Amino acid sequence: MGYSLGVRDSIMIAHSFKGAEFGPAQGVHGATYTVDCEFSSLNLVPGSNWVVDIGKALEVLSDVLSVYNYKNLDDLEEFKVC
């Protein structure tokens, strides 16, 4: 049996689709994504009895998501279509 801790954050992005089949979504539009992150461990941290510091977990998730938060994904190289 293991232990887990889940944290949640959200990001807002803008993007568009290419192709007539997407109709009005071809134009730039926004979306909000909720991101759940779960940390798991077979053992709790001795002395504190937690999986991970919840504040640190939230900070790490926020840092990871900051790359995309309030960005237009069309402008980011990793989302460019060939």
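Mentor: Before we look at anything, know how the elements are named: helices (H or I, at least four residues) and strands (E, at least two) are DSSP runs, numbered from the N terminus. This is a predicted model, in which local features need pLDDT of at least 70 and side-chain atom pairs count only at pLDDT 80 or more, while totals for chains, interfaces and linings use all residues. Residues are numbered from 1 along each chain as its sequence is written, and side-chain values use heavy atoms, with hydrogens and water left out.

Trainee: Let's start with the sheet. In which sense do β1 and β2 pair, parallel or antiparallel?

Mentor: Two strands pair if DSSP finds at least two bridges between them. Here β1 (3–15) and β2 (29–41) run antiparallel, with 13 bridges joining them. Find Ala14 and you'll see Gly30 of β2 standing opposite.

Trainee: And how many bridges link β1 and β3?

Mentor: Two, and that pairing is parallel. β3 covers 71–72, and Lys71 there is the bridge partner of Ile13.

Trainee: Which residues make up the largest nonpolar core?

Mentor: A nonpolar core is a set of buried Ala, Val, Leu, Ile, Met, Phe, Trp, Tyr and Cys residues joined through side-chain atoms within 4.5 Å; buried means under 20% relative accessible area, exposed over 50%, partly exposed in between (1.4 Å probe, protein chains only). The largest one here has eleven residues: Leu5, Val7, Ile11, Ile13, Ala31, Val51, Ala57, Leu61, Leu65, Leu73 and Leu76. Two or more of them come from each of β1 and α1 (54–65), and β1 gives the largest share, four residues.

Trainee: What is Val7 in contact with, leaving aside its neighbours within four places in sequence?

Mentor: Contact means heavy atoms within 4.5 Å. With those neighbours set aside, Val7 touches Val35, Asp36, Cys37, Phe39, Ile54, Ala57, Leu58 and Leu61.

Trainee: Now the backbone. Where does Asn49 lie?

Mentor: Asn49 sits in the loop between β2 and α1. It isn't a glycine, yet its phi is positive, about 55°. Asn49 counts as exposed because its relative accessibility is 58%.

Trainee: What about Tyr70, then: is its phi positive or negative?

Mentor: Positive, at about 60°, although Tyr70 is not a glycine. Look for Tyr70 in the loop between α1 and β3. With 62% relative accessibility, Tyr70 counts as exposed.
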